[in-house]
Amino acid sequence: MASEESSLRALESLMTEFFHSCTTNERKREIEELLNNFAQQTGAWRHCMFFLSNTRNEYVMMYSLTVFENLVNKMWIGVASQDKMEIRNCLPKLLLAQHKSVPYFIRNKLCKVIVDIGRQDWPMFYHDFFTNTLQLIQSPAMAQLGLVMLKTTSEELACPREDLSVARKDELRKLLLEQVPTLLGLLTGILETYWDKHSVITSTPPPSPTSGESVELLGSLFQGSQYSKLLCQPMSALDSESQQLCCLVLDCLAHLFSWIPLSTSITPTLLASIFHFARFGCDIHTKAKMGSFISSNSSSSNGQLNSGTMAPTSNGGGRNGQQCEGSKVDRARLGILAMTCVNELVSKNCVPMDFEEYLLRMFQQTFFLLQRLTRENNAHTVKNRLEELDESYLEKFTDFLRLFVSVHLRRIESSPQFPIVEFLSLLFKYTFNQPTHEGYFACLEIWTVFLDFLTTKIKSRLSDRDSVLNRYKDALVLLLREVLNRIQFRYNQAQLEELDDETLDDDKQTEWQKYLRQSLEVVAKVMELLPSHAFSTLFPVLQENLDVYLGLQQFIVTTGSSRRLNISAENDCRRLHCSLRDLSSLLQAVGRLAEHFIGDVFAARFSDALAVVERLVEVTCYGSRTSLYDLETAVPSVLKPDLTDVHAQALAALQAYSHWLAQFYSEVHSQNQSQFINLITSTIEASSPLITTKVPEKLLLSSCHLMVSITSTVRPVFLVTLPAVQNIFNLITTESRTRRLPQEAHMLVCRALSNMLLLPGTVNITPRQPAVDDMKALIQQTLPVLRDMVDSVSGESTKSRQICYQNLQESVQVSLSLFPVFIQQPDVTDEMLAFFLTLFQALRVQMGVAFTGQIIHTFLSMFTREQLAASILQEGSAGCRVVQKFLKILQVVVQEPGQAFKPFLPSILSLCMEQVYPVVAERSSPDVKAELFELLYQILHQNWRYFFKTSVLTSVQRGAAEDTMENEAQFTAAMQAFGQSFLQPDIHIFKQNLSYLESLNSKHKLYHRKLFRTSMLFHFINVLLQVLLQKSHDLLQEEIVLAIYNMASVDFDAFYSAFMPEFLNSSQGVDSGQRGVLARNFKLEQDLPSFTQSVQRLVNDLRYYRLCNSSLPTGTIKL
């Protein structure tokens, strides 16, 4: 005893020293080594049992429990039976004796160790494990401890980690499922008992907000429901201790619901009890800052749930109105946990027939809560009520609504017991009274899902489309109007001004842009369902704001060379700012609706679309003519950007209608020729003055994009004759460096001009020969423009591409001749190869075989092994990008049909396997590797006959001789490269290459070829199984198992009789008996689902056996 006492004192001293701020890292490592050595000693657990019983040092307790945890999870199989029994007896007694005195995290760790023992030994050797937990739950004094044990049991046994065999996992789940009815009955009883115990009982409710709510709740929704009276009972006034216990019950239920199937074990009484507590979230008096501990996965290890760390409230303390802040937190937490339980149930898509009635009942009960949340009275508006509620509760409730609409609406919508229109009315009030932008976004997503559901339903029931739409028309009309109001400063200035319009998120958009985009998506979906109504709602609002914008001309005052907007009163400037912001948003809305005027509905909605386009053309012409962006204003930092943005959005909206203009041109141009010509001419005249360095870049780019769309989508033949186009052409061909447009704008204008010259007509131009002052700079300026021109005609007719190449031919030849000069300058070479890559992709036919061969020969001769190695080793550099583009060019070459480029195959293969692959094989180099393996795949796929000569006769004769193999060494080297990539950690390369092998098998029967089948197949299967065992690429588990199946299916007999015994015999870390079990459990099945199950079981159990065997004490004799 004295020895153990001294050991305890020494351990306490060591642990205190370890966590002291002055202890050095070196000393900490020494202490850590001492502690690890002690933990590895046989019988160390006995000392730890003494330490736990006799110390108050938290560090010592946690260390001792960690020793037990390690013993149970890693060495339990080697512990003597008598010792196991002693541990099983002592630890629960220790828990019962100390659970109130130790900190909650020590208590929970001890519970976890006991549950881990149950995971190993229950029910065979630890038959009272679960019974003890149930007894604790039923004991009022121990109920909290029992619930912590139950939550931990659910976490550890229902979804165990990999350190159990599949058979044991299945056994545990079956045992737990047998206990589910009992468990749910117990938990229901606790919730009912505490609710009834603390219910406010009054024979005649006094006139109060509560009784008023009851009348309101029964007003319209689910009138006469058997649960309406229950839900309208006054709220229970729970004391703090009762609240904590009910929180634990709901926490347990939430985790149980995450894995148990929906069944009648989840009784109406249990559901009613959960909804009683969900009402606590609706209580506006429970608002409290919850911090970070409230979450859907709240652990039972939460400090606030520990009876040992919080003094219980005195009797009646919950009823006297003097609740502490902690009690308010628990009341709000009750509502949050109750809604978490509901959401766990609603998230299950697979609903048995006998549970559908329960589901309907659950929705009825939830919508009582929704009506409660959206009820107005004299004291609170809906928005005020929602602002007073806890944010986490609102998030849970919104999650419920999202799950209901996305998963279950299709089941419930047609039920006569479910008033869908009333539900939408409540959802409308809930959406447009959200206290936060995030809450509003989440509700808009729910409406988006609903609109998608409605659109799909109407498309599948075209015969009664009108009756379905009429049912929902009022709701859709209200939704459209309110969403439009919400994006306008005129109606919603306070909230809109809170939105950030500067900081970009991960999707490269600001908070304001996200808000507008999500709102416009809803508008567009309503437009699809109610096109005429949506247009008649939006267009007048647009007209109203346009009138303000178009009326600004009268306020322009010109003094000498300056022009000023004569609006200076603060109130007028603010109103103008709001109007311009609204106009900008409405122009985006009009542009978003463009797709609903084309296609089959073009003729029916022609007049509406024409009115929109004419108005947009008028606005853009007005903006360019008056140059509002260039005016001096009273508030230049605000109004100038507003005026620029309106002009840019008008151009962008007009661009959105380019497809409508194209359809107008092709279908009714002949009847309305002058009308169409006027629209196009005015559009070009509005755009061309903006193509200059003197206008804001936003406006410049909008006009350039509009020009590109007109020339590529509409393609009117008369464009090139317009004076405005001639002016643009002169600007580009004569611009100097000082007046040069920004790079992006320059490329867009060149693309538009090349579209005019190449796409519709046969105009030919001679390339200008610029003076060469700085060849490098000239190349880097010119080649991106030429590349963009080539790319723009890549999908066009042969004639357009031929014209393009004729005009670029001299530039291409000059670029090729300059390539050797700049081979040592990666930044220039990168630009050159990007140009040649685009040429190969778009114009290789036009270039001809001879010149293409010359280019390939030049590249192959210039890229020496040293050159490639130097470039690849600088990952992310320009040199590395050069190699990537070179490999991309070769990919295009090897995919070319016919025999023209086949002579280059040996050189390309040699380059891949002898020059590039050795450099990247043992390095990360993900970008180069991806392109290299893509090239190897294309060589194999597109040139299969280069390796396998298959005659027509051989392919049709069964039992004919095997294919004639050629270039075997190169094929084998390529396969070895693929195999080697599966041994490396890069998961993206692994996934890519596995898909390549599967593709080669599906298209060319790779796995069936004699060479692969006899000398490679089992090696690949072995490598893939080892990857599964190492869990290094678990994200690709399904793909790996499918590949193994496809390889094994080539010859299942050989797989089962030859490969599996050899694989098991060579597996390290398992004995012969375990190998026999593994072999017997791998069923001789040939269908994919059964085979997949067998592979997963093999991998799991082999890992489990290795873990068990590695934990056995040295010298253990295995029978």
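Is Tyr946 buried or exposed? I looked up its accessibility in this predicted model and found 19%, so Tyr946 counts as buried, the limit being under 20%.

**Entry 1: aromatic pairs**

A pair of aromatic rings is described by the distance of the centres and the angle of the planes. I then examined Phe859 and Phe886, whose ring centres are 6.2 Å apart. Their planes stand at 90 degrees, so I recorded this pair as edge-to-face, a term for angles over 60 degrees. I noted that the pair links distant parts of the chain, 27 residues apart. Phe859 belongs to helix 35 (residues 849-862), and Phe886 belongs to helix 37 (residues 878-894). For Phe859 I read a relative accessible area of 1%, so the residue is buried. Phe886 is buried as well, with a relative accessible area of 1%.

I returned to Tyr946 and looked up its pairing with Phe947. The ring centres of Tyr946 and Phe947 lie 5.0 Å apart and the planes are at 90 degrees, so this pair is also edge-to-face. Phe947 has a relative accessible area of 1% and is therefore buried.

I also traced a cluster joined by ring pairs. Among its members are Phe1018, Tyr1045, Phe1052 and Phe1091.

**Entry 2: charges over rings**

I looked for charged ends placed over aromatic rings. Arg486 lies over the face of Tyr440, 5.8 Å from the ring centre. I found the charged end of Arg581 over the ring of Trp512, at 4.9 Å from its centre.

**Entry 3: cysteines**

How many disulfides does a search of the whole structure find? I recorded zero. To follow one case, I looked up Cys252, whose closest cysteine sulfur is that of Cys341. The two sulfur atoms are 9.5 Å apart, which is too far for a bond because a disulfide needs them within 2.5 Å. Cys252 is buried, at 1% relative accessible area, whereas Cys22 counts as exposed, at 63% relative accessibility.

**Entry 4: cavities**

Rolling a probe the size of a water molecule over the atoms shows where empty space is left. By class, I noted eight nonpolar, two polar and one charged residues in the lining of the largest cavity.

Key. Residues are numbered from 1 along each chain as its sequence is written. This is a predicted model: local features need pLDDT of at least 70, side-chain atom pairs count only at pLDDT 80 or more; totals for chains, interfaces and linings use all residues. Side-chain values use heavy atoms; hydrogens and water are left out. Rings of Phe, Tyr and Trp (its six-membered ring) pair if their centres lie within 6.5 Å; planes under 30 degrees apart count as stacked, over 60 as edge-to-face and the rest as tilted. Helices (H or I, at least four residues) and strands (E, at least two) are DSSP runs, numbered from the N terminus. Buried means under 20% relative accessible area, exposed over 50%, partly exposed in between (1.4 Å probe, protein chains only). A charge sits over a ring if NZ of Lys or CZ of Arg is within 6 Å of the ring centre and within 35 degrees of the ring normal. Ala, Val, Leu, Ile, Met, Phe, Trp, Tyr, Cys and Pro count as nonpolar, Asp, Glu, Lys and Arg as charged, and the others, Gly among them, as polar.
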